Amino acid sequence: MIRTGRGRWSLLVLVIAAVVASPVAAVAVRAATAGTPDLPRGVGTMTLGTVVLLVGTAAGCAVLGVGLAWLVSAHDFPFRRTLGWMLVLPLAVPAYILGFVYRASLDFDGMLGAITVMTLALYPYVYLMARVAFLETGPAAYDAARTLGAGRARAFRAVLLPLARPSVAAGLALVMMETLTDFATVQYFGVQTLSVGVYLTWKGSYDVASAVSLAVLVLFAAVAVLALERVLRGGARFHQRSGRGRGLARRELRGRSALAATAVAAAVAIAGFGFPVLRLVGWAVAGAGDERFDVLDSRFFDYLANSVTIAVIAAVVCVGISLAMTHTLRLGAGPLVRGATQLTTFGYAVPGAVVGIGVLALSQPIGGTVATGSVLGILFAHAIRFTAPAYQAVDASFQRISPHVTQSALTLGARPSRVLARIHLPMVRPGVAAALTLVLVDAIKELPLVLLLRPFGFSTLSVWVYQLASENFWEQAALPALVIVAVAAVPVAMLLRTSRPAELAAPVGAR
C-alpha cells in the first residue's frame, strides 16, 4: 500500500500560494473598494514618462540586442568570440549603478539619458534570446532560403527574424518589466515615472491609499506588457527538429568591414561594462587617498552585513518554498495544487513597487509595524519576488529524476518527508545550489523593496549606493557599487559557462 500523505503537502502548497499572492491581492482589493481613486498630482506626467521610457528602452534594446546577435552569430571578425561573451557582461551592472556613473561622468540628464542608460543595462536580455534563436532555431530555414537564391540580408529579414520573433518578444518583455520596476535610475536623470511616484508618495505622506492608487497603475502597465508580449509572439511556436542546432554558417568579414564589426561590438561592451567598472575603480582609488572621508568606514561593513543577512535568509526561504512545491508536484498533485504552484511564482513578474505597497497595505491593519518596523516585511517581499527563479532552478533538477524513483520509494512505504530528505534532496543538490546563488545575487542587488520597507536606521549596500549617488558622493559610492557588481557577476559567469552555444560547430566562410 502506498502511503503518499500528499494531502498535507498539497495543503502546505495552497497555504504558501495564498500567502505569496496576498500582497498583490491586497492592492487589487484595496483599489477596487476605494471608490474614486485618490491619485496624486502629476499622475499624467508620470504615466506619459513611463510610456515613453518603456517604448524608448524597448526600441533601443531591440535594435542593439538583435543587431549584435546577428553580427556575432552570422559573421566572423577579429575577437568575435571574446566580444560575444563580453556583450553579456552589462547584465552584471545594475541599472542604478550604470545610471549614476554616466550621470556623473557625462553630466547629461532627461529622458534621452535615462533611455540610453536603461538600454545599455538591459539590451543583453534581447541579445541572449535572439542569439540562441539564431543559432538553434533558424539555420535550416535560413539555409533553405539561401539555396533558393535569397541574399543574406533578405534571408535574415524574411526567414530568420520572423523565426526569432518569440524569443525577441520574450527578451523585450523582460526589458520592459525591469524598466517598469526601476525608479532609482530614472530619478538620477530627473524623469518622473509611476514607480517613482509610488515611492515618493509613500515617503512624502505615508499615505497608503494614494500609493495603492499609483501601484495599481503600475500593475496595469505590467499586465499590458505581458499582453503585448503575447501579441508580439502572435501564437508562434517553433521547435528544433533534431538535437542541438549546428549554428549559422558564418561569413568571414575582411578589411574595413571586419574592423567596423569589431569596433561596434567593442564599443557597446565597453559602454555597458568596461567604462563603468573602470570609473568605479578610479573613484574608489581616489576616495582611498582622500583624507576628507573614510571609504571603509564602519557603515560599509554594517550595510554589507545587512545585505548578506537578508540575502541568505531570503535564499533559504525561497529555496525551501521551491523544494516544497516541486516535491509536492512529484508526489502526484492535482490541478488545484499545480495552479497554486504557478501562482506562487508570479511575484517575479510583478513590479517591486507593487509588491512593496502590497506588503504595506497588508500590514496597515496592525499598525504597519510588520512592514516598516522590522526587516520581516523586507524578507516577506523578497520571498514573493524571488521564489520564481529559485523554483525554476530546483524544478529543472527535479525533471532529471525519473518519476519511477519516487513511486518506488512510496511503494516501499517511505513517507513523503523521508523521500524528500533521503532521495529527492540529495539528487537535486546542483539545482538547490544554483537557486541559492540566484536568489542571493538578486537580493543583494534589490533596491525598491528595501527602500520602501526598511525600518528606520536600517540600510543595505544597494540603498547606501543610491543615497550616496543621489547626493553626488561618487567616490564614497564607488566601493559598495563595485561589491554589488562583483556579486552580480556570479550568475553571469554561470550563464556563460553553461551556455556554450552551437556556434562552435558552425562553419566559417559561407557567402
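Q: How many aromatic pairs does a search of the whole structure find?
A: Keep in mind that this is a predicted model. Searching the whole structure for aromatic pairs gives a count of 10.

Q: Which parts does the pair of Phe 100 and Trp 474 tie together?
A: These two rings are stacked, with 5.9 Å from centre to centre and 5° between the planes. Phe 100 sits in helix H4 and Trp 474 in helix H23, so the pair bridges parts 374 residues apart in sequence. Both residues are buried, by the way. The parts tied together are therefore helix H4 (residues 95-106) and helix H23 (residues 474-498).

Q: Is the pair of Phe 183 and Tyr 199 stacked or edge-to-face?
A: The ring centres are 4.9 Å apart and the planes meet at 20°. Planes under 30 degrees apart count as stacked. So the pair of Phe 183 and Tyr 199 is stacked.

Q: Which side chain of opposite charge is nearest to Arg 330?
A: Arg 330 belongs to helix H13 (residues 298-332). Arg 330 is buried but has no salt bridge. A polar atom of its side chain does lie 2.8 Å from the backbone oxygen of Ile 401. As for opposite charge, the nearest side chain is 6.6 Å away, and it's Asp 395.

Q: What share of the 511 residues in the chain is buried?
A: The chain has 23 helices and two strands. Of its 511 residues, the buried share is 52%.

Notes: Residues are numbered from 1 along each chain as its sequence is written. This is a predicted model: local features need pLDDT of at least 70, side-chain atom pairs count only at pLDDT 80 or more; totals for chains, interfaces and linings use all residues. Side-chain values use heavy atoms; hydrogens and water are left out. Helices (H or I, at least four residues) and strands (E, at least two) are DSSP runs, numbered from the N terminus. Buried means under 20% relative accessible area, exposed over 50%, partly exposed in between (1.4 Å probe, protein chains only). Lys and Arg count as positive and Asp and Glu as negative; His and the chain ends are not counted. A salt bridge is a side-chain nitrogen of Lys or Arg within 4 Å of a carboxyl oxygen of Asp or Glu. A polar contact is a pair of N or O atoms within 3.5 Å; within protein, one must be able to donate a hydrogen and the other to accept it, and residues adjacent in sequence count only if both atoms are side-chain atoms. Rings of Phe, Tyr and Trp (its six-membered ring) pair if their centres lie within 6.5 Å; planes under 30 degrees apart count as stacked, over 60 as edge-to-face and the rest as tilted.
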